[in-house]
Amino acid sequence: SDDLKMNDGIFSQDGEGEEYGRIPVDQLRPTMLQGGNVTNNGAAEQNNVTVTVGVTGPVPFTSAINGGVLSPGATLEISEDYALPALTTGQYNGTFTVSADNPDQVPTNNQYFRNFEVNDALYSLDGIGIHPAASQSLGTLGTSSFTGAADGLILLNYYDVTNPLTVYGVELVLGATTVAGGYVIVNLRDTTPVFADNMIPVLAESDPQDIEAIHVSQGFARVCFPDPVVLANNGF
């Protein structure tokens with residue numbers, strides 16, 4: 001009768017749903033959207049459904065978010081914009097736990113684990129290597145992912161810039177099936193023309209970077225712009 005399930009955990013640094021695995025310390029906002037989706041798998045209505053977010057790391061913090069009443073079979077996102085303490089660099093490990101007034105009869109599905117990292121220089125969505133191994137799922141996206149994409153494939157990633165940010169280039173993590181011999185060009189664009197299907201305006205562009213055997217063996221390639229680019233508060 002009493003079975004709540006914690007489906008996932010949310011750490012959205014921009015408060016609008018984007019979740020970054022690694023974020024520079026000077027890009028943190030004063031608040032972070034956190035919480036998660038909860039399902040009532042039991043036959044009884046659950047009252048005072050609460051998600052407790054406990055975060056360990058250099059600056060630990062904890063919050064409790066009340067979602068009220070949850071009917072049998074229903075799913076609800078229970079989240080809030082949490083006022084962050086002044087986080088310093090390092091890895092932060094989050095434990096999301098759901099509870100209610102009635103004792104849960106299946107406690108094994110009451111928790112979800114999700115991590116993020118605050119650092120000085122790397123801004124990435126993926127968070128590869130910092131999430132718990134049991135919940136980390138890896139995949140690749142590249143020229144072999146689409147028919148006829150051996151040349152000219154364009155991949156885009158979104159970064160939310162809160163404070164002025166100096167960008168030197170992009171680090172590409174390479175999949176195990178990467179073959180040396182191709183090349184990549186990295187460029188930086190404003191989201192406004194991109195969302196309007198206008199791919200012409202370019203804020204910065206790298207020279208072509210050959211993907212060599214050393215890149216394949218080390219698993220990544222760093223592609224730098226000819227000059228550093230300073231970005232203002234915007235989306236890119």
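Modeller: Strands here are DSSP runs of E with at least two residues, and helices are runs of H or I with at least four, both numbered from the N terminus. By that rule the protein has 2 helices and 17 strands. This is a predicted model, in which local features need pLDDT of at least 70 and side-chain atom pairs need 80 or more, while totals for chains, interfaces and linings use all residues. Residues are numbered from 1 along each chain as its sequence is written, and side-chain values use heavy atoms, without hydrogens or water.

Biologist: How many bridges join E8 to E9?

Modeller: There are 8 bridges between E8 and strand E9 (residues 111-119), again antiparallel. Within this pair, Gly-94 stands opposite Arg-114 in E9.

Biologist: Which sheet do these strands belong to, and in what order does it run?

Modeller: The sheet is open, with 5 strands in the order E3-E9-E8-E5-E6 and mixed pairing. Strand E3 (22-24) and strand E6 (61-70) are called edge strands, since each pairs on one side only. From one strand to the next the twist averages 25 degrees, taken between lines fitted to C-alpha atoms, with angles from 0 to 180 degrees between N-to-C directions.

Biologist: Why is Asn-48 called partly exposed?

Modeller: Buried means under 20% relative accessible area, exposed over 50%, and partly exposed in between (1.4 Å probe, protein chains only). Asn-48 has 37% relative accessibility, so it counts as partly exposed. Asn-48 lies in strand E5, and has a positive phi of about 60 degrees although it is not a glycine.

Biologist: Where is Asp-197, and why is it classed as exposed?

Modeller: Asp-197 sits in the loop between helix H1 (191-195) and strand E14 (204-205). Its relative accessible area is 71%, so Asp-197 is exposed. Asp-197 is not a glycine either, yet has a positive phi of about 60 degrees.

Biologist: Why does Tyr-168 count as exposed, and what does it touch?

Modeller: Tyr-168 counts as exposed because its relative accessibility is 54%. Tyr-168 is in strand E11 (residues 165-173). Leaving out residues up to four places away in sequence, Tyr-168 touches Val-223, Cys-224, Phe-225 and Pro-228, where contact means heavy atoms within 4.5 Å. Gly-182 is 14 residues from Tyr-168 in sequence and 22 Å away in space, C-alpha to C-alpha.

Biologist: What do the totals say about the protein?

Modeller: Of its 236 residues, 36% count as buried. Of the contacts with a separation of 6 or more, 71% are between residues 24 or more positions apart. The C-alpha trace spans about 60 × 40 × 35 Å along its principal axes.

Biologist: How far apart are the mean positions of the charges?

Modeller: The protein has 6 positive and 27 negative charges, and their mean positions are 4 Å apart. Lys and Arg count as positive and Asp and Glu as negative, without His or the chain ends; each charge is placed at NZ of Lys, CZ of Arg, CG of Asp or CD of Glu.

Methods: Pairing = 2+ DSSP bridges.
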